[in-house]
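Visitor: I am new to protein structures, and I would like a close look at one single part of this one. Please pick a spot and walk me through its surroundings.

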Amino acid sequence: MREYFLISVVAAVFTFVATPLARWAAIRFGAVTQVRARDVHAVPIPRLGGTALFIGFAAATLVSSQLPYLSQIFGTREAVGTLIAAGMMCALGAWDDFAELNWAIKFGGQALAACVLVVSGVQFLMLPLGEQTVLPTPFLVVLSVFVILVIVNAVNWVDGLDGLAAGMVAIASASFFFYAYQQASASGDRVFSTSAFISAATVGACVGFLPHNFHPARLFMGDAGSLLLGTLMASATISFAGNLDPAVVSSAGDTSVAFMLPLLVPLAILAVPLWDFAASIVRRIRSGQKPWEADGRHLHHRMLQIGHTHRAAVLILYLWSIGIALGLVSMAYWPVERSLAALIGLTVLAFALTWGLPRWRRRRAL
């Protein structure tokens with residue numbers, strides 16, 4: 001655990017120090033987000049913060065390769081492959097931050113980076129569906145690429161308010177780290193894994209970036225950051241869920257539920273951005289838009305429309321993420337009834353704040 005804490009601190013410190021440099025470069029070379037109809041900021045804001053996030057993650061990877069225990073994960077290609085794929089996604093996003101790429105070029109670049117990640121070994125070898133379900137390799141490869149692209153674009157699309165994407169990914173990564181670490185410890189397997197390392201380093205990078213990015217933001221992460229964070233989340237998810245034998249999943253609750261947790265936990269942790277991603281595609285198709293055409297009707301836009309302040313909207317969306325993630329992760333430790341009670345309680349609280357806080361503010365203003 002101490003080595004994981006160390007690389008989180010390394011990622012946070014390097015990201016925090018590199019962010020002002022990224023801001024200077026964005027201003028110097030013109031990577032600035034102008035005010036558009038769908039945006040919520042009132043003045044142009046420099047972007048390119050994703051390069052600082054990548055520096056933090058790369059520093060954590062370098063340090064971990066020299067540590068007594070974490071260096072074990074470099075016996076496979078997954079960690080280095082994740083670094084390379086993350087660098088490719090970051091570079092693609094930075095290019096888009098400067099030049100506003102055509103959707104086809106952007107998607108093609110994402111697919112190429114996803115293929116690099118899969119070739120490095122980050123792919124589903126089986127599906128944990130109550131037992132080890134082994135499917136044809138070509139199908140699992142295509143499924144792995146598809147899942148990477150979905151997660152990457154889900155994080156990309158949710159990045160619409162100051163601090164939202166960085167905070168939600170930090171929450172998701174922290175939840176995922178503790179679950180993966182606990183499962184490895186309880187099963188008697190080695191506790192140093194690629195998925196746990198990626199999650200711990202991602203938490204540190206996000207924490208180091210948030211002081212610069214929380215409202216009012218001095219710098220946006222841009223596509224360089226959202227594509228990078230999506231890649232890291234996808235890598236951690238597939239590295240864990242795609243290689244875990246459900247028979248060794250530890251649970252203090254219902255065993256049948258425990259068998260499904262390797263798939264349920266990633267879905268729960270990423271529930272908010274995945275929901276927004278799916279709803280956006282359906283909404284755009286129904287309205288005659290192309291699925292990749294941006295609009296101003298994401299979850300975060302709706303939070304502002306019903307009367308939340310910028311910070312309140314972000315914090316309540318954090319609460320939604322925490323509630324859903326903890327509700328399902330707790331099933332590994334509590335009986336199902338207690339976990340469902342916690343999930344329902346946190347969901348009701350988040351719902352009450354979502355709809356009740358703007359009304360309370362309006363009444364107070366009268």
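**Around glycine 50**

Guide: Let's begin at glycine 50, which is in contact with Cys90, Met221, Ala224, Gly225 and Leu228, leaving aside its neighbours within four places in sequence; contact means heavy atoms within 4.5 Å. Before we go on, please keep in mind that this is a predicted model, where local features need pLDDT of at least 70 and side-chain atom pairs count only at pLDDT 80 or more, while totals for chains, interfaces and linings use all residues. Residues are numbered from 1 along each chain as its sequence is written, and side-chain values use heavy atoms, with hydrogens and water left out.

Glycine 50 lies in helix 2; helices (H or I, at least four residues) and strands (E, at least two) are DSSP runs numbered from the N terminus. With 0% relative accessibility, glycine 50 counts as buried, a word that stands for under 20% relative accessible area, with exposed being over 50% and partly exposed in between (1.4 Å probe, protein chains only). Alanine 94 is 44 residues away from glycine 50 in sequence, and their C-alpha atoms are 7.7 Å apart in space.

Now widen the view to the helix pair here. Two packed helices are described by the angle between their axes and the distance between the axes. Helix 2 (residues 50-64) and helix 8 (residues 222-241) have axes that come within 7 Å and cross at roughly 35 degrees. These axes are lines fitted to C-alpha atoms, for helices over the stretch in contact, and the angles run from 0 to 180 degrees between N-to-C directions. On the helix 2 side, the contact is made by Gly50, Thr51, Leu53, Phe54 and Phe57, and on the helix 8 side by Ala224, Gly225, Leu228, Leu229 and Leu232. Sorted by class, this contact has 7 nonpolar, 3 polar and no charged residues. In that sorting, Ala, Val, Leu, Ile, Met, Phe, Trp, Tyr, Cys and Pro are nonpolar, Asp, Glu, Lys and Arg are charged, and the others, Gly among them, are polar.

Most residues other than glycine have a negative phi, and most peptide bonds are trans. Leucine 48 is not a glycine, yet its phi is positive, at about 100 degrees. It is buried, with a relative accessible area of 6%.

Arginine 47 has its place in that loop between strand 2 and helix 2 too, and it is buried, with a relative accessible area of 8%. Not counting residues up to four places away in sequence, arginine 47 touches Ala22, Ala26, Ala31, Val32, Thr33, Asp96, Asp97, Glu100, Leu219, Phe220 and Gly222. Isoleucine 27 is 20 residues from arginine 47 in sequence and 8.3 Å from it in space, C-alpha to C-alpha.

One of the residues touched by arginine 47 is Glu100, so let's follow that lead. Glutamate 100 is found in the loop between helix 3 and helix 4 and is partly exposed, with a relative accessible area of 48%. Glutamate 100 has a positive phi of about 55 degrees, although it is not a glycine. As for the two helices, the axes of helix 3 (residues 78-99) and helix 4 (residues 103-119) come within 8 Å and cross at roughly 170 degrees. That makes helix 3 roughly antiparallel to helix 4; angles over 145 degrees count as roughly antiparallel, under 35 as roughly parallel, 65 to 115 as roughly perpendicular and the rest as oblique.

Histidine 212 is found in helix 7 (residues 194-213) and counts as buried, at 9% relative accessibility. Further along is a cis peptide bond, from histidine 215 to proline 216, with omega near -5 degrees. Proline 216 lies in the loop between helix 7 and helix 8.

Finally, here is the wider setting. The chain has 13 helices and 4 strands, and 53% of its 366 residues count as buried.
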